[in-house]
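Trainee: Hi! Could you walk me through this one? I have a handful of questions, and I'll jump around a bit.

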Amino acid sequence: MTTAPTAGRTTPAGAVGTAHTRVEGRDKVTGAARYAADLPFADLAHGHLVLSTVARGRIRSVRTADVLDMPGVLTVLHHGNAPRLDTDYVGMLGVPPDPTAAVFQHDRIPHAGWPVALVVAETPEQAREAAEALVVTYERQPHDTAFRAGRPDAYPADGHMPAVTEKGDLEAELAACAHVVDEEYTTPEEHHAMMEPHAATARWDGGRLEVVDSNQGTTWVADDLVRMFSLEPSAVRVRSEHVGGGFGSKGLRAHQVAAVMAATALRRPVRVVLTRRQMFSLTGYRSPTAQRVRLGADADGRLRALEHRSLNQTSTVWEFVEPGAGPARVMYDADAHRTANEVVRLDVPSPTWMRAPGEAPGSFALEAALDELAERCGVDPIELRLRNEPGRGPVSGLPFAGRNLAACFREGARRFGWADRDPRPGVRREGRLLLGTGTAAASFPAGAMPSTAAVTAQADGTFTVRIAAADIGTGARTALTLVAADALRVAPERVRVRIGDSDFGPAMIAGGSAGTRSWSWAVTAAAEELRDRLVPGAAVPPEGITVRSDTTAAIGALAPKERHSFGAQFAEVAVDVTTGEVRVRRMLGVFAAGRIVNPLTARSQLVGGMAWGISMALHEEAVRDRASGGLYGADLAGYHVATHADVPAIEAHWVDDPDPDDPVGVKGLGEVGIVGAAAAVANAVWHATGVRHRGLPIRPDRVLRAGGPRV
């Protein structure tokens, strides 16, 4: 046994707020970090999903006999022999499960790429060959995948916020306004495209189901599996130590459920890894949107009327709302204020959460419309936004728990050189290039969800933190190490953080930019209590001393407020009038995102978000073939994302913005970086060319068709 450390001898100056490389960084760059599909298991079998080739209909037959005779094939699961699952429940995040995950429960086909069978074999090559040889016949039915504004079958839907909010007489206020913007903005279908494909291994060990997975929340996936397979909570363990990106898509999906079914049938471990092409059908995406924004302002640019309506598609089996009208409920107020989120059911796969769901497409429309209003009012775009800063939540009426957007704009304008900007569009030229600059505001909710954590003082003088957090590339492990070190008043080198295991107890998922905030709260509570229990000079027993926290009561006691991170983003573009190519030359973001735990990984998150904004503005677009119901080019060759050549030097900075209601003072920043980026680029393209692009992406052919000043 060793004695408990004394605070005076070991307390560092403070780890939170200083730059630290990732604690697992060496493992990742040397290949020692093993991901879900890397872990070895004895007697491992492999499954390969078979997806429907029709967009709507019924399965008439699954011819398994020939496939079962192929080398290495162990079984074929389909709707005729799979176990029945329970899908009548509301999951951990307050929503029912997407039925796409509840595989092989009926013969109906609601969209192209619907899972119809799983072929399991001794090797992945044998499984894939047999899956491609499996003959499935269908009864085809007419399908509809045509998304567009003005569909008569669209309807308001709540999602995780009310479908409609309204106050005041919108039409009367618009009629009385000196300046009115009334435009439609569109965004396309977009896909997560993370580096690590979805993968899961399921096995039974002593009557207990263990799933090794790549997910954004082990307790989230474990809870769904418990409910779906009607198991006791103690009978399921989900582990997910390293995750190569998620962006909202890595919850419960078809591959985990299929792996559990196969492992149960064969009584041996079964691994299912999705191909990149399968991910385009099975792991969700950001729905296309059609948004109408109407703004009315006085002569000086002060808003009197605001309407934002957003339409997205959803599948016929699951209702998912992409709440594009949500940002207007936070950003700007008006005497007459109306927002609405609507959906239309089509024969398409289910959309899902994708980085900044609602905010990313919604802010493009809202911030582009604000830029148009600034032009019509003859007011600088930053000044227009500052004139319309609300004192309270425009819809909720609640006070803001910090709203430092004005500070972001002022600091951003200084760093970007905004004062030197000629506001006239189409006047800056450099050979055949037209140059322009644009700006946009950003916000994202800064939520916290109940979580549990355990902190143990070890006999050797170190500390172990256990929490079912997920590090999906954000640096969460490192951030929690710094938070725990400060709460314990020891150096970070004496803290080991273990994450990604549902046995550690319930915790918030890595999503909604609420992970670090939620986990830090729980870790701080446990660490501070442990520190108070340790007696300087007293021996620590060999088994250690453990304290467990639960933040449910503390978070439930928070006073109602509007809690958000904010940002101001700036872009400079060059538009080639000969080819239509748009290049972003420089980009800057200044953010108010609470106390920054680790500046190194925080900057990476913000820069990554803005790079995604460039990708959203100029490249990303998944297109459906109306004849087949499937996607053109459902792979990373056909679906274009920004590459190194597309991304310039990006600067990310922040202003002081602690949250006094949070024990660490943090807010979320994983998503706010993307929110205003696409609008800033689009507004810069207008400034360069004098032509508005209200639909994304701004492709070269669209630039050439739109025309504009010629060099």
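Mentor: Happy to. Let's begin with Arg237, which sits in strand β13, residues 236–239. Keep in mind that the model is a predicted one.

Trainee: Is Arg237 buried, partly exposed or exposed?

Mentor: Partly exposed: its relative accessible area is 23%.

Trainee: Okay, new topic: Thr452. Where is it?

Mentor: Thr452 belongs to strand β20, which covers residues 452–457. Its relative accessible area is 6%, so Thr452 is buried.

Trainee: What polar partner does the side chain of Thr452 have among side chains?

Mentor: Arg548: the two side chains make a polar contact at 3.0 Å. A polar atom of the Thr452 side chain also lies 2.7 Å from the backbone oxygen of Pro506.

Trainee: What else is Thr452 in contact with, leaving aside neighbours within four places in sequence?

Mentor: Besides Pro506 and Arg548, the list has Ile467, Phe504, Gly505, Ala507, Ala522, Ser549 and Asp550.

Trainee: Now Gln256. Which helix is that in?

Mentor: Helix α7, residues 254–266. Gln256 is buried, with a relative accessible area of 0%.

Trainee: Which backbone nitrogen lies 2.5 Å from a polar atom of the Gln256 side chain?

Mentor: The one of Arg253. Leaving aside neighbours within four places in sequence, Gln256 is in contact with Ala200, Asp213, Val221 and Gly251.

Trainee: How does Leu704 compare in accessibility? What's its value?

Mentor: Leu704 has 42% relative accessibility, so it counts as partly exposed. Leu704 lies in helix α19, residues 700–706.

Trainee: What does Leu704 touch, not counting residues up to four places away in sequence?

Mentor: Val577, Thr578, Thr579 and Gly580. Take Thr578: it is 126 residues from Leu704 in sequence, yet their C-alpha atoms are 7.9 Å apart in space.

Trainee: Let's do some sheets. What's the strand order in the open sheet of three strands?

Mentor: The order is β5-β3-β7, and the pairing is antiparallel. The edges are β5, residues 108–109, and β7, each of which pairs on one side only.

Trainee: How many bridges hold β3 and β5 together?

Mentor: Two, in the antiparallel sense, with β3 covering residues 57–63. Gly57 stands opposite Ile109 in β5.

Trainee: And β4, how many of its residues are buried?

Mentor: Five of the six residues of β4 (73–78) are buried, so that strand is mostly covered. Its partner β6, residues 115–121, runs antiparallel to it and is joined to it by five bridges. Val73 faces Ala121 of β6 there, the two standing opposite each other.

Trainee: Last topic, empty space. How would one find it at all?

Mentor: A probe the size of a water molecule is rolled over the atoms, and that shows where empty space is left.

Trainee: How many cavities of 30 Å³ or more come out?

Mentor: Seven. The largest cavity has a volume of about 190 Å³. It is lined by 18 residues, and those closest to its centre are Pro97, Asp98, Trp220, Asp224 and Leu252.

Trainee: What's the lining of the largest cavity made of?

Mentor: Ten nonpolar residues, five polar and three charged.

Trainee: And the second largest pocket, how much space lies in it?

Mentor: About 610 Å³. Its lining has 27 residues, with Leu51, Ser52, Thr53, Gly113 and Arg277 closest to the centre.

Trainee: Which elements supply at least two residues each to the lining of that second largest pocket?

Mentor: β2 (45–51), α4 (124–133), β7 (135–140) and α8 (276–282). By type, the lining of the second largest pocket splits into 13 nonpolar, nine polar and five charged residues.

Notes. Residues numbered from 1 in each chain as written. Predicted model: local features only at pLDDT ≥ 70, side-chain atom pairs only at ≥ 80, totals over all residues. Heavy atoms only, no water. Helix = DSSP H or I, 4+ residues; strand = E, 2+ residues; numbered from the N terminus. Buried < 20%, exposed > 50% of the residue type's maximum accessible area, 1.4 Å probe, protein only. Polar contact = N/O pair within 3.5 Å; in protein donor to acceptor, adjacent residues only side chain to side chain. Contact = heavy atoms within 4.5 Å. 1 Å grid on protein atoms, 1.4 Å probe; cavity = no way out; pocket = protein on both sides within 12 Å on 5 of 7 lines; lining within 4 Å. Points joined across faces, edges and corners; volume = space filled by probe spheres on them. Nonpolar A, V, L, I, M, F, W, Y, C, P; charged D, E, K, R; others polar. Pairing = 2+ DSSP bridges.
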